[in-house]
Amino acid sequence: MRRGFHCFVWGSLASVLYAGPTNLDRDVKAATAQPDTNPAPAQSVVAVVRPEVAVARPNTAPVQPALEFAEPTLFKLAAVTPSDASVGLPKVTAPEPADECLPSQDCIDQFLWSLYERARKIDTVKVSERFKVTIKKKGKKRTVTKTRTKLVTEDFTWKDPNAAEKAGMSMSQYVIGGMERSFRVKLYRLMRALDDAGHAPGITSGFRDDYRQSIATGKKAASDSSYHGGSRRGGYGHGLAVDVVSVKGETRAERWITTDLLWKWIDENGQQYGIGRPYLDRDPPHIGPIDGKEYVDKRGVKRAGS
């Protein structure tokens, strides 16, 4: 019995030692046949794929481009250089604000009209007033008439609508459409630059026909001779002048300060946009093209190009 018991023990131990390596080998083979579905990645790799080279891979969704570039209608995208293409995506320079509307005259006109709408149509004009006083000369009393000039605030909001109605046009057609087309492009560039510089420009007066000029107040040209669009200057569609102010400021006193800064900015920078102030402080809001007859007559060719 002792010998039989010893044989049983040694036989059991041998079977255990033999079965262990066999099962271990089977587990290793099973692990090799079935890869882990959620492996831990060693590192994150972000691939940038251009739209024109994106290819669908078998059993996977197509690779989507990181960015898509669609050329807009109004902007010109920068050309792709070889160095840019080597990194996978073109480098696109942002369009300059002053060029946003240039391909479209309608866009330019809408922008200028928005500047007209936001400007208050208020001005300070000199009004002459005659009055009678009694004086004593050589012991005798006499009544004489004297004249004094005072500054009066005038609201001329009604004038352009009145003139547009008389001409049978909408306000925007009259005020903006009456200006010469190339001048509107120059004006657009200047106004965008002023707006970007933080001066908040506004247009108080655009095109004026003979009737509109006749009801204007203050220093002004004859009714048919205004460069705003008088009949002697070509009339509708040939206006070459606008009046500009700044709309920045809560009070009128604050707007006087910002407007003065706006006019100085035009004097310093308007040359590059082809626009200047022909009369300077004699008619400060009035601006026109520096290659136009009005500016050359008032400032001279040399000064216009200086």
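Let me begin with a term: a residue is called buried when its relative accessible area is under 20%, exposed when that area is over 50%, and partly exposed in between, with a 1.4 Å probe and the protein chains only. What we are looking at is a predicted model, in which local features need a pLDDT of at least 70 and side-chain atom pairs count only at pLDDT 80 or more, while totals for chains, interfaces and linings use all residues. Residues are numbered from 1 along each chain as its sequence is written, and side-chain values use heavy atoms, with hydrogens and water left out.

With that in place, the protein has 306 residues, of which 31% count as buried. It has 10 helices and 6 strands, where helices (H or I, at least four residues) and strands (E, at least two) are DSSP runs numbered from the N terminus. If we take contact to mean heavy atoms within 4.5 Å, then among contacts between residues at least 6 apart in sequence, 55% join residues at least 24 apart.

Let me turn to the sheet. Two strands are said to pair if DSSP finds at least two bridges between them, and in general the strands of a sheet pair through backbone hydrogen bonds, either parallel or antiparallel. Here 4 strands form an open sheet in the order S3-S4-S6-S5, with antiparallel pairing. S3 and S5 stand at the edges with a single partner strand each, so one side of each is left without a neighbour in the sheet. How covered is S3? Of its 5 residues, 5 are buried. S3 is joined to S4 by 4 bridges, and Ser205 has Asp243 in S4 as its bridge partner. Asp243 in turn has His286 in S6 as a bridge partner, S4 and S6 being paired over 2 bridges in the antiparallel sense. S5 and S6 likewise pair antiparallel over 2 bridges, with Ile275 standing opposite Pro289 in S6.

Between strand S5 (275–276) and strand S6 (286–289) there is a loop, and Arg277 sits in that loop. Why does Arg277 count as buried? Because its relative accessibility is 4%. For what follows, a polar contact is a pair of N or O atoms within 3.5 Å, of which, within protein, one must be able to donate a hydrogen and the other to accept it, and residues adjacent in sequence count only if both atoms are side-chain atoms. The side chains of Arg277 and Asp267 are joined by such a contact of 2.6 Å, and the side chain of Arg277 also reaches the backbone oxygen of Pro284 at 3.2 Å. Leaving aside neighbours within four places in sequence, the residues in contact with Arg277 include Trp263, Ile266, His286, Tyr295 and Arg299.

That brings us to Arg299, which is placed in helix H9 and counts as buried because its relative accessibility is 16%. A polar atom of the Arg299 side chain lies 2.8 Å from the backbone oxygen of Arg277. Not counting residues up to four places away in sequence, Arg299 touches Arg277, Pro278 and Leu280. Arg299 and Gly276 are 23 residues apart in sequence, and their C-alpha atoms are 9.7 Å apart in space.

On a 1 Å grid over the protein atoms alone, a cavity is a set of points where a 1.4 Å probe fits but cannot get out, a pocket is an open set with protein on both sides within 12 Å along at least five of seven lines, and lining residues have an atom within 4 Å of a point. Grid points are joined across faces, edges and corners, and a volume is the space filled by probe spheres set on the points. The largest pocket has a volume of about 1300 Å³, and among its 44 lining residues Asp123, Thr124, Asp283, Pro284 and Pro285 lie nearest its centre. Elements that each supply at least two residues of this lining include strand S3 (201–205), strand S4 (242–246) and helix H9 (293–299).

A search of the whole structure finds 1 cavity of 30 Å³ or more. The largest cavity has a volume of about 30 Å³, and its lining consists of Tyr227, Leu240, Pro289, Gly292, Lys293, Glu294 and Tyr295. The largest share of that lining, 3 residues, comes from H9, the helix in which Arg299 has its place.
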